[in-house]
Structures are given as structure tokens and as C-alpha cells.
Amino acid sequence: MAAGNRSEAAQGLTLVAPPFAYALLVLGAPLLTLLAYSFFKDGYLTIIYEFTLENYLAVWSDPIFHKIMLRSLGVAALVTVVTVALAFPVAYFLSFVVSSERKPLWLFLITIPFWTSYLIRVFLWKVILGYNGVVNSGLKSLGIIEQPLTFILYNVNSMVMTLAHAYAPFAILPIFIALEKIDRSLLEAGRDLGENRMMTFWRVTLPLAMPGVIAASLIVFIPTIGDYVTPALIGGGKIPMIANMIQAQMLDIDNRPLGSAIAVTAMIIVAALSLLFLFVNRRFLKVRQ
Amino acid sequence: MTSPTSSASARRPDRSAARALIECRDVQKYYADYHALRGIDLTIREGEFFSLLGPSGCGKTTLLRTIAGFEDISSGVVLIDGQDMAGVPANRRPTNMVFQSYAIFPHLTVAENVGFGLRRDPRPAAEKAAAVEEALGMVGLKGYGNRASHALSGGQRQRVALARALILKPKVLLLDEPMSALDRKMREQMQVELIKLQRQVGITFVLVTHDQEEALVMSDRIAVMFEGQIAQLDGPEALYARPASRRVANFIGVMNFLPARILDETENGVMVDAPGLGVVEIPSRNISSADPGDEGPSIGFRPEAVSLLGPNVAAQNRVTGGVIDEVVYYGDMTYYDVRLDGSASFDGKSRPVRIAMRNVFGREVQDVGTRTRVSWSPGSLILFR
Amino acid sequence: MKGGGLRAYALIYLLFLYAPILLLPIFAFNSGTVIAFPLKGFTTDWFVQMAGNAAMRRALTNSLIIATSSAILATCLGIFAARATTRFSFPGKGPITGLIMLPLVMPEIIISMSLLVVLLGLGVKLNLLTVIMGHTLLCMPYAVVILTTAFNSLDRSLEEAAYDLGESKWNAFRLVILPLVMPGIISSLLMSFTISLDEFIIAFFLAGNEPTLPTFIYSQLRFPKQIPPIMALGTVLVLMSVLLLTVAEYFRRRGVAKTGGTDSGGFL
């Protein structure tokens with residue numbers, strides 16, 4: 001403790017070294033390897049260590065890649081919009097209506113499903129939405145429908161539903177935190193200055209909650225794009241997303257350079273879109289609360 | 001043991017002859033580019049209640065932590081009891097600390113907190129328990145030993161922190177803003193208790209505070225710090241009556257300032273001309289030449305160093321007429337802003353001066369706009385040049 | 001009541017969140033072999049059948065080994081990271097923390113594929129160890145988040161006080177910091193254990209021929225006949241998760257109460 005700035009830094013670095021080294025070894029190095037592979041040639045079951053841009057050219061000119069990438073982006077965007085729109089009122093309710101001693105309980109209730117097996121939850125949606133699933137069989141036994149509803153089956157709709165469910169807490173929490181940070185007297189000031197409830201929400205609450213909404217959007221969007229289980233289970237493998245394509249290239253087809261190139265390309269696209277999204281919304285992020 | 005120069009001697013034991021316990025010599029401290037301590041020279045005597053007073057960011061806490069061993073110094077020397085503290089870590093120094101937050105261990109009971117430092121003490125457990133009980137008794141918490149520490153009030157936490165530090169019988173007790181978490185009533189009560197406790201144990205206390213009143217109430221001597229330097233080191237009375245600079249004067253209490261023209265150096269002091277006051281001779285001990293300021297020389301006096309005369313009271317000192325500009329009534333005191341006759345004679349700017357009057361029985365509060373007389377004596381004026 | 005409409009909406013939303021989990025036990029105890037309404041009758045056969053399944057027991061053992069190891073490793077690494085970032089400032093703090101927290105936002109498919117490529121390239125045999133490796137990486141950021149909260153709620157002067165009272169730095173850490181962050185450590189262990197127990201993708205790609213509970217479940221989903229027993233297994237798994245999480249939450253809150261902080265609630 002009797003330590004100057006230099007040894008303070010040294011102590012901090014020493015302490016952080018083990019987790020950092022672990023992340024570097026198990027995440028950093030593999031990611032760099034992936035990047036390196038994407039510039040090598042595939043020699044059918046072996047890899048030819050020769051620099052090439054072929055993989056990227058192949059990826060960019062592949063209509064299947066375009067289709068799957070666009071579908072992934074579309075699904076992820078749709079899931080993001082649905083999830084955030086559904087989550088906002090809940091976060092608002094939690095922050096403004098629930099009394100402060102009940103808040104931890106509500107938050108706990110909301111986060112619990114998130115921590116239970118993702119696989120089982122996804123599978124259950126399949127069971128719920130399937131041709132002979134819970135919804136259809138339930139409605140049929142109640143005599144409401146004659147034939148099973150098909151619009152909820154093995155398609156983008158059911159995938160969006162499943163993913164919106166899976167990422168719900170991810171969307172609620174950042175918005176809730178942003179709402180919690182809003183000084184309540186600002187809202188009173190808004191009303192005091194003559195705005196009604198709706199306009200106060202529109203002119204004060206929403207802009208101040210935007211950092212949370214933006215964070216929620218990214219937190220939902222990024223992992224959704226990379227989701228593997230939902231397309232495999234719910235989509236019945238017929239509507240693959242980018243993660244399934246990467247996996248297929250890497251393992252089933254065993255073209256690791258091409259698979260790596262797809263992965264790297266997808267990551268770049270997602271990163272670029274995320275940055276663009278942040279840039280578009282930058283005016284909201286400037287507000288420091 | 002009384003010394004004629006120390007006005008504190010009447011109520012505080014004079015320690016000017018006591019030996020030095022802490023000595024700082026040209027202590028410098030840099031945080032990267034920030035120069036936190038700029039050459040601190042300081043001697044704290046044994047048994048003294050010493051305060052480091054200054055606004056936030058002046059380096060007082062840094063200096064305290066330097067003495068405690070939590071910060072090492074960039075250059076200079078810190079001696080405690082004649083021993084160089086360079087390289088001696090905090091856990092090996094003969095100092096203990098009462099932290100601003102009190103740092104009461106929330107997972108331990110009151111007794112476990114107080115006995116924390118006795119863990120390596122070779123004495124048998126029963127003796128240690130007795131020591132803990134004695135320390136608790138000293139701070140007025142007898143019988144509180146088994147209480148959970150997180151349920152204590154602010155004042156109780158402070159007492160536990162004191163007992164925990166004093167049980168180790170340190171040579172120096174360091175207190176980092178110990179009153180800042182307490183409300184006003186509690187603060188005043190703890191100030192008195194702390195003085196008593198310090199006299200009782202006879203340990204040297206070094207207090208860090210930004211509260212000038214607290215420093216004046218509690219300390220034998222006070223070091224006023226600004227920007228990493230000691231601006232003045234003096235007893236409370238001297239500090240209040242004869243601040244070394246306009247900045248110290250403003251930090252400790254309120255002081256009125258009037259521009260002054262220096263006319264002549266005399267045998268006993270300086271002859272000056274001040275607007276409203278006329279030509280006065282300032283005695284040399286009331287002359288402060290530490291203030292560089294570009295405002296030129298000025299005359300300063302405390303609001304209570306002059307008085308308003310009632311309509312039928314005969315003047316005993318020099319008297320200046322004036323008009324009451326503002327009256328602020330505080331119950332026990334009334335503050336008047338008075339525009340002295342001729343106060344604008346220097347530069348056309350009229351400067352009302354603040355005058356504090358105690359509301360004793362039979363003295364009426366005067367009204368705004370009333371013509372009045374101000375009584376003052378040259379001995380209560382200070383010249384900053 | 002204030003916000004009546006919002007409250008109704010929130011309750012419906014909760015129902016949406018819990019719908020799949022609530023259906024799980026219903027069909028686990030339903031004697032019908034098809035997962036559909038109307039329900040047939042009550043049975044515990046599926047649980048018995050699942051308990052007698054040797055492949056399931058093997059998967060369970062594997063999962064417990066993996067989850068325990070990953071929880072301990074991730075929490076230990078998390079303690080280092082949380083302590084370093086809350087107590088010290090050092091150059092490169094942002095990027096270093098960024099990399100440690102990266103698995104939180106990185107799609108698991110990328111984590112598992114890149115790790116798989118390296119492991120295969122190095123000729124490492126896929127087994128439980130490789131899964132533990134991946135799960136430790138995945139759990140580490142969660143451990144860091146929980147432990148950072150625990151370390152952050154500590155007043156830095158507590159440690160200084162212990163040091164000032166004559167203890168060595170290590171003893172100050174052992175006697176003061178460790179007991180105070182212990183609820184956070186337990187919470188982190190339980191949380192990491194739960195994450196690892198439920199994790200599918202990394203286990204799917206990095207386990208080689210060794211099954212874990214989720215990969216076992218996945219393999220059984222293809223056979224309609226196996227689905228009711230899987231519902232039974234899922235029920236047990238979800239119950240375990242909920243139990244572990246409740247205990248973790250209990251310890252987290254106790255930690256908050258102990259250090260006298262205010263509860264901001266919830267994980268993440």
C-alpha cells in the first residue's frame with residue numbers, strides 16, 4: 001500500500017495477468033487463428049498454408065451466403081425490434097410502478113427463465129408451436145380451430161418468437177437501468193413546465209432512456225445473429241442462419257478456410273452494423289446522467 | 001510553564017517546549033503530473049492536538065496518509081519519534097488512523113472490531129478481552145461489545161473506530177475528517193468528547209478537517225494548507241487574530257477589507273490612510289507581509305472587532321459615522337452592513353463593512369437606513385501589504 | 001391501482017417468459033406419449049425411465065464434472081480480474097477487461113468454432129477437459145461481473161484499516177476482504193455452475209464423444225418416443241437451475257446486506 005503509481009500499476013497487472021492470459025490463450029489466439037485460416041487455401045481435408053483472398057472472393061460471390069446472411073440479419077433485426085418493443089413497457093413498469101422493495105423480486109423473476117437450459121426452452125417452443133403442438137392441439141381440443149394453424153410452424157415467425165423469448169431479460173435490464181438513472185425531479189419539471197404525461201414521456205423520459213434502448217438493441221442483435229440452436233431445432237434445419245452455415249463449412253464440408261472466411265466476414269458485417277447503429281444514435285449517447 | 005506570547009496558555013497546556021514527535025522536511029508528493037504536496041516543513045510536538053486545515057484538494061489528506069504510510073513521498077523526509085519512516089509500511093508505523101468512513105468491519109462485532117489489532121498480541125485471551133472492554137469504556141461504549149457493528153449509529157461507529165485505534169497505544173492518532181459524516185449536534189458533542197479523550201490518553205492527535213470552526217475548537221495548533229503548501233501554522237487565537245494573508249483570513253471566518261495607502265514607516269509600526277478610517281498607525285505585530293495579491297495594500301478587521309454605538313453611548317475609542325445598509329438578524333447575533341462616511345473617498349467605490357453585534361439584553365437592533373456610529377481601535381486592524 | 005394497465009401487461013409478459021418452463025412438468029407427468037393436448041393421465045414413469053438410462057447417467061456425471069471444474073476455475077480467475085480492476089489502475093485496463101468480458105457478447109458458435117479449429121490443428125483429443133476449457137472462458141465474464149459488484153461495494157479504507165492495525169497485506173485480505181466478498185464468491189460459483197450445466201453449443205462441438213446433459217437431450221430430440229422422458233429430465237434440470245439460482249441470489253443479497261449497501265437487484 002505504501003506504493004507509488006508505478007508499483008500500483010505493476011500490482012494491478014500482476015493480478016489481472018491470469019484471467020487475461022487465459023482469455024488471450026482460449027479466445028484471443030483462436031480468433032487470430034480463425035483470421036489466419038481465412039487467408040489460407042483449402043486442400044481438401046488439409047490446409048495449404050499459402051496466402052490467398054480466394055475464400056473471401058468465394059464468400060462474397062456466393063448467392064447462398066448472401067441469402068443466409070440477409071436472412072440472419074433480417075431475423076436478428078426483427079427479433080431485436082420485437083424484443084425491445086415488448087420489453088420497454090416491462091422495464092418502465094419495473095422502474096416507475098413497482099415499489100423499491102419489490103424490485104429485486106421482479107428482477108429475479110424476470111431473470112430466472114434466462115438461466116434455465118436454453119436448449120430446453122427452444123425445444124419447448126417447438127413443442128408449443130408445432131403442427132401437433134400445444135397451441136394447435138389445445139385450440140383444436142377447445143373446438144376453436146379445425147385444422148392446425150400453419151403460420152406458426154417451422155418458419156421465420158416461430159424463430160422470431162423463440163428468440164424474442166430467449167433474449168427478453170437482455171432487453172429488459174439495460175432499459176430498466178437507464179430508466180432507474182433518470183432523476184425523478186426531471187419528470188416533475190417536465191410536467192411543471194406544462195407538458196402532459198404523454199408529452200413528458202416523449203420529450204423527457206424516452207430520450208433519457210435511449211442509451212438503455214440502444215444497449216438493449218445491441219445486446220439482443222449481436223448474439224441473435226450468431227444463434228445456432230434455434231434455426232437447427234425450430235427451423236427444422238430448413239432455414240439455416242449464418243451460424244449453421246459456418247458450422248457446416250467447418251465440420252460437415254470440412255473446408256476450414258472457407259468457414260473461417262464466412263465467420264470473419266459475418267463478424268465484420270455485424271461489427272460494422274453495430275458501429276453504424278451507435279453512430280446514428282450518437283446524439284442520445286452524449287447525455288451523461 | 002506560562003509564556004507571555006502564547007495566548008492559548010490560559011486554557012491549553014503550553015507544549016512549545018515539548019519534543020518533536022513528527023517532523024516533515026521538504027516533503028514533496030507527485031501523482032503523475034499533479035503536484036500534491038509542495039515542500040511541506042512541519043513539526044508536530046508530543047501530546048499535541050494538531051490540525052491540518054484547508055479546502056478540499058489542498059493536500060491535507062495526502063499529507064496525513066503520507067504520515068500513516070499509505071502514500072509514499074516523492075522526496076523529502078518524514079520522521080516519527082526521530083525515526084526515518086522511508087520504507088516503513090503502514091502496518092509497522094507507530095500510528096493508527098480513524099478513517100473518514102470509520103472503516104468499521106461490517107462482518108465483525110463491536111468487540112471483534114476493537115480487538116482486531118490485538119490478534120498477534122501474545123497476551124492471553126482474557127487479558128485481551130479486558131483491554132477491549134477498557135477501550136470501549138474509554139469511548140463510552142461499555143457493554144456494547146457483542147453488538148453487530150453494521151447496526152451502529154454514526155456517532156457509535158466513530159467511537160468504535162477510536163477505541164480500535166487507541167487500544168494499540170499508538171504514538172500518533174491520525175483522524176481523517178472524522179466528523180464529516182455526523183450531523184451538526186452530534187459533531188459538536190463529539191468535538192468536546194474528542195478533546196477530553198485526547199487529554200485523558202495524552203496521545204498526539206493529528207486531525208484533518210476542512211471545517212475551520214472544528215479546527216479552532218479542538219486544536220492546540222493548526223496548519224492551514226492551500227495547494228499543497230502550508231500557508232500558516234499557528235495556535236487558534238493567533239490564526240484568527242493575525243492571519244498571515246488575506247486568503248487565510250478569508251478561509252478562517254469573515255474579514256472586512258478596505259484599500260489602504262501607506263504613508264510612513266514609524267518606530268512602532270506603519271502609518272496608513274484608509275477610506276472611512278482616516279490616518280491610523282498599525283502596530284507592527286498586526287502587519288502581514290505574506291500576501292502578494294495585486295490589489296495593493298489593504299486594511300482588514302473582523303466583524304466583531306468593531307462595534308456599533310447605540311444613540312446615547314459615549315465613545316471610548318475612535319469613532320466613524322456611517323449609514324446602515326443591511327441588517328441580518330440571527331437570534332444571538334445581528335450582522336450589520338454599514339457604509340462608513342468617506343469610505344468611497346479613494347476610488348469612488350463605496351464598500352459596506354460587516355459588523356457583528358451580540359444581542360445582549362437591553363441593546364436594540366438598529367434599522368436599515370439609520371445613521372449610526374462605529375467604534376474601533378487601531379489595535380484591531382490588520383495591515384496586509 | 002397505479003399503472004394498472006402496465007401491471008397487467010407485465011404479468012402477461014411474465015406468463016410468456018414462463019410458458020415453456022411451466023409446460024415442462026405438465027408433460028413430464030402426462031402419461032400420453034405425444035406432447036399435445038388433451039392430457040391423458042398422471043404418471044411418473046418418464047422419470048423412472050430416465051433414471052434408469054445409462055447414457056443419461058453418464059451424461060449427468062460428465063456434466064457435473066464439467067460444471068464443478070468450470071465454476072471453480074472461472075471464479076478463481078474472476079477473483080483475480082475483479083480484484084485487479086476494482087482496486088488498481090493500470091495501463092491497458094480497458095482493452096484487457098474488454099477481452100476478458102468479450103465472451104459475453106461473442107456468439108458461442110464463433111467461440112467454439114475457433115477453439116475447435118485450434119484444438120484440432122494442435123491434434124488435441126476432444127474430451128471433458130476441452131469442454132471445461134471452453135466453459136471456463138464462457139463463465140469467466142459472469143464471475144467477473146458478480147465479483148466486481150462484490151469487491152466494489154467494499155470501502156477501500158476497510159482494507160487500509162486492517163493494514164493500519166498491524167496486519168500484513170495478505171492477512172488484511174484474508175481477514176477482511178475475503179469474508180466480505182464470500183457471498184459474492186459463492187454466488188459466482190453457483191452461477192457459473194448453472195451456466196456450464198445448461199450450456200449446449202460448446203459442449204456439442206468440444207466434447208468429442210463424451211455426452212453432457214444438454215448434448216444428450218439434443219441427441220434424443222430426434223426420436224419422438226424419447227421425448228416424454230426428456231421432458232422429465234428437463235423438469236429436473238430446470239428445477240436444479242432454479243434452486244441454484246435462488247441460493248445464489250440469497251448469497252448475493254446477504255452480501256449486499258452485510259456490507260450495508262443498497263440492493264440494486266438482479267444479475268447482469
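This is a predicted model: local features need pLDDT of at least 70, side-chain atom pairs count only at pLDDT 80 or more; totals for chains, interfaces and linings use all residues.

Which residues of chain C does the UniProt annotation "transmembrane region" cover?

1. According to the unreviewed UniProt entry, the "transmembrane region" annotation covers residues 12–39, 59–84, 96–122, 128–154, 175–207 and 227–248 of chain C. Among them, residues 175–207 are 91% helix and 0% strand, with 40 Å between the end C-alpha atoms. Residues 96–122 of chain C are 78% helix, again with 0% strand, and the end C-alpha atoms there lie 26 Å apart.

2. Residues 73–94 of chain A are 100% helix and 0% strand, with end C-alpha atoms 30 Å apart. For residues 20–40 of chain A, the figures are 86% helix, 0% strand and 28 Å from end to end, C-alpha to C-alpha.

3. **Confidence in chain B.** The average pLDDT of chain B is 88, and 95% of the residues score at least 70. I would flag residues 1–10 of chain B, where pLDDT stays under 50. For that stretch the model has five contacts beyond four places in sequence.

4. **Extent of the C–B interface.** Chain B brings 23 residues to the contact and chain C brings 20. About 1,900 Å² is buried between chain C and chain B, and carbon and sulfur atoms give 59% of that area. On the chain C side, C:Tyr163, C:Asp164 and C:Leu165 supply 35% of the area that chain C buries against chain B, more than any other three residues.

5. How many salt bridges cross the interface of chain C and chain B? The rule finds three. B:Arg120 and C:Glu167 meet through their side chains in a salt bridge, at 3.1 Å from N to O. Nine residue pairs are in polar contact between chain C and chain B, counting pairs with both residues at pLDDT 80 or more.

6. Of the elements, α7(C) gives the most, with seven residues. By class, the side of chain C that touches chain B has nine nonpolar, six charged and five polar residues.

Methods: Residues are numbered from 1 along each chain as its sequence is written. Chains are lettered from A and ligands numbered from 1 in the order in which they are written. Side-chain values use heavy atoms; hydrogens and water are left out. Contact means heavy atoms within 4.5 Å. Buried area is the accessible area (1.4 Å probe) that two parts lose on being put together, summed over both. A salt bridge is a side-chain nitrogen of Lys or Arg within 4 Å of a carboxyl oxygen of Asp or Glu. A polar contact is a pair of N or O atoms within 3.5 Å; within protein, one must be able to donate a hydrogen and the other to accept it, and residues adjacent in sequence count only if both atoms are side-chain atoms. Helices (H or I, at least four residues) and strands (E, at least two) are DSSP runs, numbered from the N terminus. Ala, Val, Leu, Ile, Met, Phe, Trp, Tyr, Cys and Pro count as nonpolar, Asp, Glu, Lys and Arg as charged, and the others, Gly among them, as polar. pLDDT is the predictor's confidence in each residue, from 0 to 100. UniProt positions are given in the numbering used here, feature names are shortened, and annotations may be inferred rather than shown by experiment.
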